[in-house]
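Subject: Structure handover, with notes on cores and cavities

Dear colleague,

I am passing on the structure we spoke about, and below it you will find notes on what turned up when it was examined. Please read them with the coordinates open beside you.

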Amino acid sequence: MSFTALNLHAQDRVLPADTTITSFDEVMIKGQNVPYQVDVGTQPVYGEEDEIIASLFYTYYKRTDVDNDEERPIFISFNGGPGAGSLWMHLGYTGPKKLIIDDEGYPIQPYGVEDNPHSILDVADIVFVNPVNTGLSRILNEGKREQFFGVQEDITYLAQWIDNFVSRAERWRSPKYLIGESYGTPRVSGLAGQLQGSHWMFLNGVILVSPTGLGMDPEGPTPRASVLKLPYYAATAWYHEQLPPELQNRELTDLLDEVEEYTVEEFLPALTYGGFIDEDRKSEVASQVAYYSGLSEQFVRNYNLAVPASAFWKELLRDEGHTIGRLDSRYKGIDREDGGERYDYPAEYSSWKHSFTPAINHYIRDVLGFKTELQYYVSGPVRPWNRDGNTTGEMLRGAMAENPYLNVMVQSGYFDGATDYFTAKYVMWNIDPSGKMKDRFSFEGYESGHMMYLRRPDLETSNEHIREFIRKSAPENGAPARY
């Protein structure tokens, strides 16, 4: 790997506002050698009077054996939190380097990175962006926290930053995609609307990885309501072998089809009666929910049929002395005591920080050569976060309505208990209540959790689904964007 350094002051605890280090490497993807350039650096955020108020740390991968990039897609990738650095999808998912973990996603030593043979760099260039106070991104000069830390504030300054980045990279002619994970999903949903409405930048696709509720409040249950968790409970109980044999022996997706149907057709209508539900029907529902969830009928009744996720994470394996993870319920934890209603710590998040933190610090400092004494914020200080005015789902719907080219794909892990897969389906179903754009939505599920790509089989499958999504959302040359 070779390096070209530009204007970087080593070992400086003040972030340089505008700097780049360029290096070159290659990676084998799907049996093909892919040479690439990687730019790691910072780009300013400007205030209303064009003064620098912050700088964002980014990593940009560009394939170098392409004659022109006017037909080559560029992906702009965000993680969530809010407050999460871009390391998760950068070193876990689509980039040409991945952290060294075991096949199920658990930490192993020595820490480090290796080539990612499933990266999408063969078909698209990628820039991983760290919003303010994530990664190495920081507020500078006279910048104020309230300019950045909120749903709409975040969308507004990031849209400006993307506009500037695309101009610098000379990628205005390229097909453009946004991909966001967790809180990154309202971020990219809002950005689709903001970029299109205020910067006249039209996209080909948006990928929502483990999406949140996107600020939607449709008729019926709200996103992430306990009633929508039942299919996730069934998936997790199946994984931990807590179901009766006749359910345990079935294929997971076959079982989930049944539980989803029960949730919509029976469970949800029953809960609408609240405390006025007929006692016989209440007993039937309690029995069925217990049957699907691996919980006792009495435990279900204790929560008036709708068991909250926090209680489920503590209860499912209580008799075995374990809790289960929130973002990925395959992971087990150990509490100080087995009693109580909540776990002591999220087992999965502790495991992920264990492996990702040394890997990203080693990679950006030792491999890519970005020398700084600033702390890399895996989870940065961005609170309080202004959640007023979250209309990001509607912003995405509006962008799709105005742009016939724009497609959306949802990717979810069946064992994600925070942004569960069935809620993700529910949100997708309700973004466009007219149903006129449903052929431009797609959903993919995986036998893993919030970061489904940490399980090696799903890393391959999920990246391949992105390749398919690119093919689907790339119009034929000369095809007009019209209804």
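Of the 95 residues in the largest nonpolar core, which touch the most other members? Before the answer, please keep in mind that this is a predicted model, and that every value here is computed from it. The residues in question are I162, L191, V206, F312 and L396. Helix α2, which spans residues 151-169, supplies the largest share of this core, namely 10 residues. Apart from that core there lies another, made up of 57 residues, with I21, I29, I179 and I364 among them. As general background, nonpolar side chains in soluble globular proteins tend to be buried together.

Two members of the larger set can be followed through their contacts. Leaving aside residues up to four places away in sequence, I162 touches I76, F78, L178, L191, L195 and M201. V206, which is found in strand β11 (residues 205-209), touches L178, V188, A192, L396, L406, N407, V408, M409 and F469 when residues up to four places away in sequence are again not counted. The largest has a volume of about 60 Å³, and its lining consists of L91, G92, K98, L99, I101, D102, D103, Y453, L454, R455, R456 and L459. The elements that give two or more residues to this lining are α1 (87-94), β6 (97-99) and α13 (456-473). By residue class, the lining of the largest cavity divides into 6 nonpolar, 1 polar and 5 charged.

The second largest cavity holds about 50 Å³ of space, and it is lined by K314, L317, R318, G321, H322, T323, D335, E337 and D338. Its lining residues divide into 1 nonpolar, 3 polar and 5 charged.

With best regards

Notes: Residues are numbered from 1 along each chain as its sequence is written. This is a predicted model: local features need pLDDT of at least 70, side-chain atom pairs count only at pLDDT 80 or more; totals for chains, interfaces and linings use all residues. Side-chain values use heavy atoms; hydrogens and water are left out. Helices (H or I, at least four residues) and strands (E, at least two) are DSSP runs, numbered from the N terminus. Contact means heavy atoms within 4.5 Å. On a 1 Å grid over the protein atoms alone, a cavity is a set of points where a 1.4 Å probe fits but cannot get out, and a pocket is an open set with protein on both sides within 12 Å along at least five of seven lines; lining residues have an atom within 4 Å of a point. Grid points are joined across faces, edges and corners, and a volume is the space filled by probe spheres set on the points. Ala, Val, Leu, Ile, Met, Phe, Trp, Tyr, Cys and Pro count as nonpolar, Asp, Glu, Lys and Arg as charged, and the others, Gly among them, as polar. A nonpolar core is a set of buried Ala, Val, Leu, Ile, Met, Phe, Trp, Tyr and Cys residues joined through side-chain atoms within 4.5 Å. Buried means under 20% relative accessible area, exposed over 50%, partly exposed in between (1.4 Å probe, protein chains only).
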